[in-house]
Amino acid sequence: MQQIVTGNRLIDGVVVFRGPGGSWVEAVDAAEVLGDDAASEAAFAAAMRDFANCVVVDVALIDVKAEAGHVVPLRLRERIRAEGPTVKSDYRPDLRPWDVRQIG
Amino acid sequence: MYRYDEFDAGFVNERVSQFSDQVYRRLAGDMTEDEFRPLRLMNGVYLQLHAYMLRVAIPYGTLNSAQLRRLGRIARDYDRGFGHFTTRQNIQYNWPALKDVPAILAELAEVEMHAIQTSGNCIRNVTADHFSGAAQDEIADSRPYAEILRQWSSIHPEFSYLPRKFKIAVTGAAHDRAAIRVHDIGLEVRRNDKGEIGFGVFVGGGQGRTPMIAREVREFLPEADLIAYTDAILRIYNLYGRRDNKYKARIKILVHETGIEVLKQDIEAEFERIKDGALKLPAEEVARIEAYFAMPDLPARPATSAVLEAAAGADPELARFAEVNLHPHKVPGYASVTISLKPIGGIPGDASADQMDLVADIARAHAFDEIRVSHEQNLVLPHVALDDVPAVYAQLKTLGLATANAGLITDIIACPGLDYCALANARSIPVASRLSERFGDPARQAEIGPLSIKISGCINACGHHHVGHIGILGVDRRGEEFYQITLGGSPDETASVGNIVGRGFGSDDIVDAVEKVVDTYLAVRTDADEPFLATYRRVGDAPFKEALYGA
Ligand code: SF4
């Protein structure tokens, strides 16, 4: 089972992922993919220290599938967290809706 | 208009500076999330799926243009250029940074707004009929009473830690546009045979996991007893409401478990004890508050408008807008205009900063500076001269705000669902968008007539699916989005909770399923004058079940 660590940045709430070396990154593809339980546990413990140090909140381990440079969370909820809302509006040029069926 | 008095101003400003300090300490690392969470929630700040969410109270859905313009400015300066109007007549911002929230609250305080009582187990923002003070059929404007209740409940020491959140709604007309029967307390302004004003009082309604229609506990409560009686209900609830189980803590469960007759006796006994005390509401006080809500000076006009008739004659789209989005006003020659936030295929309840600015401008120029937010997630200009409707329409059209669908099948209520909400099981907005596209053709909407679709992304029912004529509830079935259909719900004076029609549908099939329901209705209605709800109540589930699942 592949996993990554995610959270929300305390200062602005933005969804972030724990990258290699313990930095927090916004792009899910840049997350450090954890290949076994020991790696997951160690990364989660390190992330919880960042929680205690007021860097991130809502820290969680989530299941993913990593392939060809893309990291895709397995649960729809986590995919939407990673990719953004799937909504569209003719009056909102800022929105780049995506189709959940095209990912994963 | 709601006058935020000196007490409010002092209190809100103090709260803003207190919260600024708390945010500062949290960001500096001097406070843990466990310490901070209750403080941010008290100030309307939630942590959602993608970001923080700030919920701003709009008491009884009433705004002036300066306030709406400020809401737009906040959307532009601190968010992504949009705000989302909710079924609680509030506005939510989906992407504020925590570090900016103190500045946002300070900006709100400048226009006498705040985010207090939008979270937690307190008495929440009191909601009201969005046509209050304008509707032809109303007995009295419901907002002064909502305001009196707001003042009484604001920061009420005894009622800040109730067993659970508590929602009150008020309607001024027998036709209930405020869904009072699905609130913890619902009040309907009534007039008795002596011509006095009072209230029908309903207790124990609610949606969520255990939907219930409120029970009438008083047919006519004199106006002077409004606060004492409400206080008595709250005291009984505070005393007996369950605190051991979050799912059983709402007053509806108390009504259900104790029985309405016993509860009524308890309430009446408590009321007897306190009714002649300090909570008596003097007529002068009501008059003082009512003065703030006085109808603007509307110059006399002929009942019909030659200007509107001529313009509508030349423009069928305007004609349709005038037919669908105008509501009868108590003053001849005027109407209340619904500004639909449900563009075909769009996001129910969302408005851009530019749209908010435009509506504010129109309200100033043509609507006596008044705007309302409806629980149906639309905006309303309560007082517009019929002569001005063509100009208002033309301006609304420039930013996609002239959709003629108030009360029709594409006027869909949808909660934020899994696209934004941390509690969701399934998405709501994309389902609403697809349904809106499917039924968007104006001729088809006209043929179908009044029909409400309401969608919630989980059983919390923020999208009011239980009281949709067609309700849609998103559930999670082994990691897949799945949608349950209920039929026959209604939020008005004939309130009913919809019945689950059968097994649910996957995301790919839900739109077709709803279309089958609608086509079945068209096939079995007596004629075009029998609306969906009446047909459903006449024929029951059977033809719909058959259409959806076969014999
Ligand atoms: S109904 Fe559920 S999914 Fe929808 S906004 Fe409410 S809590 Fe979120």
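Student: How many residues of chain B are in contact with how many residues of chain A?
Tutor: This is a predicted model, in which local features need pLDDT of at least 70 and side-chain atom pairs count only at pLDDT 80 or more, while totals for chains, interfaces and linings use all residues. Residues are numbered from 1 along each chain as its sequence is written, chains are lettered from A and ligands numbered from 1 in the order in which they are written, and side-chain values use heavy atoms, with hydrogens and water left out. With contact taken as heavy atoms within 4.5 Å, the count for chain B is 36 residues, and these touch, in chain A, 28 residues.

Student: What area is buried between chain B and chain A?
Tutor: Buried area is the accessible area (1.4 Å probe) that two parts lose on being put together, summed over both. Carbon and sulfur atoms give 60% of the area buried between these chains, which is about 2,600 Å².

Student: Which side chains meet in the salt bridge between chain B and chain A?
Tutor: A salt bridge requires a side-chain nitrogen of Lys or Arg within 4 Å of a carboxyl oxygen of Asp or Glu, and across this interface the rule finds 1. At 2.9 Å from N to O, the pair is Glu437(B) and Lys88(A).

Student: Which element gives the most to the side of chain B that touches chain A?
Tutor: Helices (H or I, at least four residues) and strands (E, at least two) are DSSP runs, numbered from the N terminus. The elements giving two or more residues to this side are helix H1 (6-27) and helix H14 (429-438) of chain B. With 3 residues, the one that gives the most is H14(B).

Student: Which are the edge strands of the open sheet of 5 strands in chain B?
Tutor: Strands pair if DSSP finds at least two bridges between them, and in this sheet the pairing is antiparallel, in the order S3-S14-S15-S12-S11. The strands that pair on one side only are S3 (62-64) and S11 (326-328) of chain B.

Student: At about what angle to S3(B) does helix H3 of chain B run?
Tutor: Axes are lines fitted to C-alpha atoms, for helices over the stretch in contact, and angles run from 0 to 180 degrees between N-to-C directions. Helix H3 (residues 65-78) lies across S3 and S14 of chain B, and its angle to S3(B) is about 90°.

Student: How many residues apart are Asp184(B) and Arg250(B), whose side chains meet in a salt bridge?
Tutor: Their side chains meet at 2.9 Å, N to O. Asp184(B) sits in the loop between strand S7 (168-171) and strand S8 (185-191), and Arg250(B) in the loop between helix H6 (226-240) and helix H7 (251-258) of chain B. The pair thus links distant parts of the chain, with a separation of 66 residues.
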